[in-house]
Amino acid sequence: MTAASRADTVGIVGAGRFGTALASVVARAGRPVVLWSRDANVVASIQNERRSPRLPDAPLPPPLEATRDPRRLAASARLIVLAVASTDIRQRARELGEVIDGSHLVVHAIGAFAAPGEDRCSDVVAEATPALRIGALAGPALPLDMAAGQFASMVVASRFTEVTSEARRLLNAPPVLRVYGSGDLVGVELSAALAGAYSMALGMADVMGIGPGPRAVLVTRALAEASRLVHAAGGDPRSFAGLAGLGNMLVRTSPGSQARDYLLGNRLGKGERPAEGEWTEGARAAVAGARLARRLAVRMPLVAGMAAVLTGAMSPREAANLAADTVAAEE
Amino acid sequence: MVSDRPVREAVNRLAGFNADRDRLLAEMERRVVGRHLAAAARGGDASLEYVLNDVCYSEIRRLEASGGKRTRELERWRELSGRLLHMSEEEKREELRRLVHHYGRDVVGNFDPRVFGFASEVLPPALGFLFSPVGSLREGVAALTRFEGQVRVDGELELARRLAERGTLVVTPTHSSNMDSVVIGYALIRAALPPVTYGAGKNLFTNPFISFFMRNLGAYRVDRRLRFELYKDVLKEYSTVLLENGYHSLFFPGGTRCRSNIVESHLKLGLLGTTVTAFKNNVAAGAPHRRLYVVPATINYRLTLEAATLIDDYLAETGRNRYIIIDDEFSRLGRIVEFVRKLLVHEGSLVIRFGRAFDPFGNDVDDDGESLDRAGRVVDPASYVRGADGVVDDEQRDAEYTRLLGRRLAESYPRETVFHSTQLAARSLYDRVTRNAGTRDIYRLLRAPAETMMVPVTDAVADLQALMTRIGAEPAFGRLHPQVAGQDAASVLDDAVHGLGTYHTHPIVERHGDRLVVGDLKLLFYYRNRTHHIPADARVATAVEAVA
């Protein structure tokens, strides 16, 4: 590939549902995409049949190339989107770090804390790779919607204007995908992670039969406590009200939602106690968020309650009471 | 450990500075003028009229505020201000060139190898004299030959020397005293490191004696009263050109002297940013091998000359209307004379410690000067300023890099801090006072009753021992002065009480039988603040809450 095409190529790490959907959208817009997967079957299927077993309905036209060779990815694309699970981020970032240099722009699309722990994924990327120009991509873009060509929006956040502008230039694919820019990396990352925890809380509350009034209170209290945490961590408290926070929460808790966080919340509300191996990103975010809140001395009764339910320290009813019993002060 | 390599073996690029000066100035002028003309061509607020008017307005305000002694200069600026509206574009361009040239000449330094040689010979014994116990003339003469024990230079000296031969050093020390520039200059000589150029406040040039040495040892003048953009551009570009041309430099990233004595964490990044710019320019010019290395350093005084003035300023600033400075019976000059007298009869000491260097992007560097990413891989620093098609100018990006560098520097300072007995004892005593008074608020403590200022010696020794143990176990907190590390807590406390009790105008703490009595809480707070980054011992925090 020539230097010019390297500037115009999008590299994607991870051929899961989101990574594949994003690759599909960008390739359909006519831009070259290199998708790095460790799974030989997935790579072969994309290269030979132009379809992915992970997202069979997504069109994968030729500007999309799948590869098992990370060096091919690094040499072909300057902008790299890390679209892997929070449980894989540390390992994949280390592998990516072996092949990229300081000229790469790395944007992760992981709406969660890096597991295990409460590190932000951008910090993990900074620790594991030579890249300094790092950003986060988040928002209510569902893989099936993107594959079907439905309207979706996301926000890309970075302290480097170059990262947001390049990511927007290369990922914007209207009318399917619109990408907004933000300078609040901390706020967008935390908002995206916490949105999963609150989606789970709403899933639990819905199955417990709360009415629309208490549900609205729950949503607004979630917004308030998440904003407090974002502020304490050095971000802009308004970020949670945007695509990464509220946007993600609404899409995962809409009527008929099949979002994993919401469904896990349903199970919790029915009194089940899923094993840690069954936890979703939102479940891990609740536990990690509660730890971070303690460390930053931020009061977060909802997140703390969900963490307590997950670990068996509290029943769903007790957690609901904890949230309801919060002393009302000035809003 | 102090190197026995003579300084001449290190690369003293300043030795050729005078011959290079006009070229450097011309390059600075070309760039600043070119940038402003290009910006003016785009119109808006960057028009030449706006730039020139900003200069006139600032200069007129400065001169009016100075009391009207410089009326001719003031008239000239008023005349230019009035003429601006009627000037042609060519006349404005010419005026811009003239002003950039004028400010460049005002800033530029000088380096005289003969003065440097003289200073290298005289400075060490002179400083030794200053920091030695001197009771009589005979002792004073002996002190001239005993100075090494009083002043320690340690840390990553070998690495700094290697890097000085592989690239350009940017030394970035903490800043707590006006003596710092002299002290760091001495430390460089002792460490067999080359001399550096640095920006010094123009006010320091008013003394003809000091001015002579500063001007001839590579210092350039920074007039902090000039706050308009054109002057800042001249300063930054001058610094950038110096760095690009391999002149080792020094910045105090904390800006002015630290008032509180807290190890600096909020750094001013203005001149530090020229490090990134200079390296980017080197890469663009096809010389990515011309590296720059940012070397953190801490200057650790056992006792600080200006402590009383600094902590007064700090408390007035942070306390706002809660604290009013009450001047005592000494005039400022009187205080200085008193301090100097005490300094000459008191045992003082200091440690200058150099940390491991960073590249301009905040990456660590290995012993060969190669940049390492956070995972320890060698990384090409030029890649950080390259886009897909080569080097890209991007001020916002470079400002972020500088912020990252500043964060790494700020993280390194506590680690490289060396604690003297005075700071450790002050911390232990201050914690006891907070427990006695049930508050950690300095303003409330200043009004606390006298009995809260008394601490049993046994308690102070126990607390000091616990603090020393904590610091010894946690390298991120800093390190104990070797003399402190080799003593038991009771001896360390005795040494500290001696220093704190006799150096300043009023005793900070005195021993009365089996009790220690705090006499000057503000200064105790000042010395205690050097350990501010060390979290409160859980026992202390609990005890304060219980009393409160």
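A crossing of two helices is right-handed if the near helix is turned clockwise from the far one by less than a right angle. In this predicted model, the crossing of H9(A) and H11(A) is right-handed.

**The helix pair**

Two packed helices are described by the angle between their axes and the distance between the axes. Helix H9 of chain A spans residues 185-207, and helix H11 of chain A spans residues 243-252. They pack at an angle of about 30°, with their axes 7 Å apart. Angles under 35 degrees count as roughly parallel, and H9(A) and H11(A) are therefore roughly parallel to each other.

H9(A) brings A:Val188, A:Ser191, A:Ala192, A:Ala195, A:Gly196, A:Tyr198, A:Ser199 and A:Leu202 to the contact. From H11(A) come A:Ala244, A:Gly245, A:Asn248, A:Met249 and A:Arg252. By class, the contact of H9(A) with H11(A) has seven nonpolar, five polar and one charged residues.

**The sheet of chain A**

Strands of a sheet pair through backbone hydrogen bonds, either parallel or antiparallel. Here, eight strands of chain A form an open sheet with mixed pairing, in the order E3-E2-E1-E4-E5-E6-E7-E8. The edges are strand E3 (64-67) and strand E8 (177-182) of chain A, each of which pairs on one side only. From one strand to the next, the twist averages 25°.

Strand E7 of chain A covers residues 152-158 and runs parallel to E8(A), joined by six bridges. One residue pair can be named: A:Val156 has A:Gly181 in E8(A) as its bridge partner.

**Around A:Gln47**

A:Gln47 sits in helix H3 of chain A, residues 40-49. Its relative accessible area is 33%. Leaving aside neighbours within four places in sequence, A:Gln47 is in contact with A:Leu64, A:Glu65 and A:Ala66. A:Leu60 is 13 residues from A:Gln47 in sequence, and their C-alpha atoms are 9.2 Å apart.

**Backbone details**

| Cis peptide bond | Omega | Loop holding the proline |
|---|---|---|
| A:Ala115 and A:Pro116 | about -10° | A:Pro116: between E5 and helix H6 (121-128) of chain A |
| A:Pro174 and A:Pro175 | about 10° | A:Pro175: between helix H8 (161-171) and E8 of chain A |

Positive phi values come next. A:Arg50 is a residue other than glycine, yet its phi is near 55°. It lies in the loop between H3 and E3 of chain A. A:Arg50 counts as partly exposed, at 26% relative accessibility.

B:Asn261 is not a glycine either, and its phi is about 80°. It is found in the loop between strand E5 (249-250) and helix H11 (273-284) of chain B. Is B:Asn261 buried or exposed? Its relative accessibility is 3%, so B:Asn261 counts as buried.

**Chain B overall**

Chain B holds 21 helices and 16 strands. Of its 548 residues, 55% are buried. Take the contacts in chain B between residues at least 6 apart in sequence: 76% of them join residues at least 24 apart.

How values were computed: Residues are numbered from 1 along each chain as its sequence is written. Chains are lettered from A and ligands numbered from 1 in the order in which they are written. This is a predicted model: local features need pLDDT of at least 70, side-chain atom pairs count only at pLDDT 80 or more; totals for chains, interfaces and linings use all residues. Side-chain values use heavy atoms; hydrogens and water are left out. Axes are lines fitted to C-alpha atoms, for helices over the stretch in contact, and angles run from 0 to 180 degrees between N-to-C directions. Helices (H or I, at least four residues) and strands (E, at least two) are DSSP runs, numbered from the N terminus. Angles under 35 degrees count as roughly parallel, over 145 as roughly antiparallel, 65 to 115 as roughly perpendicular and the rest as oblique. Contact means heavy atoms within 4.5 Å. Ala, Val, Leu, Ile, Met, Phe, Trp, Tyr, Cys and Pro count as nonpolar, Asp, Glu, Lys and Arg as charged, and the others, Gly among them, as polar. Two strands pair if DSSP finds at least two bridges between them. Buried means under 20% relative accessible area, exposed over 50%, partly exposed in between (1.4 Å probe, protein chains only).
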